[in-house]
Amino acid sequence: MTRPPKPKPLLQDADKPVRSRPRKPRDPAQPNLPLDPMPDRIEPCLALLKAKPPKGDGWVYEIKWDGYRLSVHIEPTGIRILTRGGHDWTDRFPAIKQAALWFPVGTAILDGEAVVLDEQGRSDFGLLQQSLGGRGGKKVSSDAIFMAFDLLYFDGHDLRNSELDMRRHLLEDLVPAGEQGDIRLSEQIEADGDQLLASACEHGLEGIIAKRRDAPYRSGRLGDWLKIKCVQSDSFFVVGYERSTAARRQIASLLLAARTGDGLVYVGSIGTGFKESDVSELRGMMDKITRKTPPLPYSGARKNVVWLQPTLIAEIEYRAWTDDGKLRHASYKGLREVQDNAAVYEIV
């Protein structure tokens, strides 16, 4: 497969490149530490959604990447690439695997995101999905690269109790800033959060991530990492679709649901964002999971609705919520993989 053009640099002028903070030299007098057992898998630290960037010198920023969260395990016996849900996708990212094999390290666990970049250097979830053959596809992606943003284990040492600044210092030794290989550094950016968010939105990016400098690596969504989005994007169940009257196999709209307590709640429908290949893929999967009754309370007036078992999860981009709890200006981005363990939006 032909590799896409080299992307343009983001959020930077030619004479003012974005770079991480200068590295501090290692202390040669630092004592040797006892070796820690290498974890088989680490539950990821997840970013908590906030409306505005945090203030203060205790936070650092990165670009928010739009792809699949992965961990790359460099082990004595070889390379493993795991999804957020713990599924082994090593064979689906051969270029990332090869790049990890070349790393000058005995053992390591890198946390990051697999992405495919467009011509402007922006991560594009749709392009990543296409490169993998769609949801449930078995294709390998030679176009995907790995944006590394944390180092959790390094040469026999578990780094999760170390501060972010220390983990980043070691990561930048492994993945130098500015390198354009199949494993790249997700740069930390020293900037005012509000200005950086405005710049990210102006460049058509999804948003930014804020991280506490002094925080250890804690699994779960605990507030050490925050995500601030230009445009909202979340995962929802597809619970039905409305047939198009224009063509027999076309889809007029998808009906979506969010979690609420132990049940589901209808949050509206979307009729934009589909490509012809998306429609064919969706119909092929939806025709296998039809049901006669709605899987949730529904009092709408839509006609020609086909109800579905709530097993498909779609990534949806939207601008806001209506007063009655429906998505506004929503658009389809693609289906999430089951192995990705995507969290369906929950209304509390």
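**Notebook: strand pairings**

I started at Trp-59 and looked up its bridge partner in E9, which is Arg-212. I am working from a predicted model.

E2 and strand E9, residues 207–212, run antiparallel and are joined by five bridges.

Then I traced the whole sheet. I read four strands in the order E1-E10-E9-E2. The sheet is open, and its pairing is mixed. Strand E1 (48–49) and strand E2 (59–63) are the edge strands. Each has a single partner strand, so one side of each lacks a neighbour in the sheet.

I asked myself which helix lies across E2, E9 and strand E10. I found helix H4, residues 193–202. Strand E10 covers 225–229. I noted that H4 runs at about 150 degrees to E9.

I moved on to strand E5, residues 108–115. How many of its eight residues are buried? I counted eight of the eight, so E5 is largely enclosed by the rest of the structure. The cut-off I used for buried is under 20% relative accessible area.

I then checked the pairing of E5. With strand E3 (residues 68–75), E5 pairs in the antiparallel sense over seven bridges. Within that pairing I looked up His-73 and found Ile-109 as its bridge partner in E5.

With strand E6 (residues 145–154), E5 also pairs antiparallel, over eight bridges. Which residue of E6 stands opposite Asp-111? I found Asp-150 there.

A reminder to myself: strands of a sheet pair through backbone hydrogen bonds.

How values were computed. Residues are numbered from 1 along each chain as its sequence is written. This is a predicted model: local features need pLDDT of at least 70, side-chain atom pairs count only at pLDDT 80 or more; totals for chains, interfaces and linings use all residues. Side-chain values use heavy atoms; hydrogens and water are left out. Two strands pair if DSSP finds at least two bridges between them. Helices (H or I, at least four residues) and strands (E, at least two) are DSSP runs, numbered from the N terminus. Contact means heavy atoms within 4.5 Å. Axes are lines fitted to C-alpha atoms, for helices over the stretch in contact, and angles run from 0 to 180 degrees between N-to-C directions. Buried means under 20% relative accessible area, exposed over 50%, partly exposed in between (1.4 Å probe, protein chains only).
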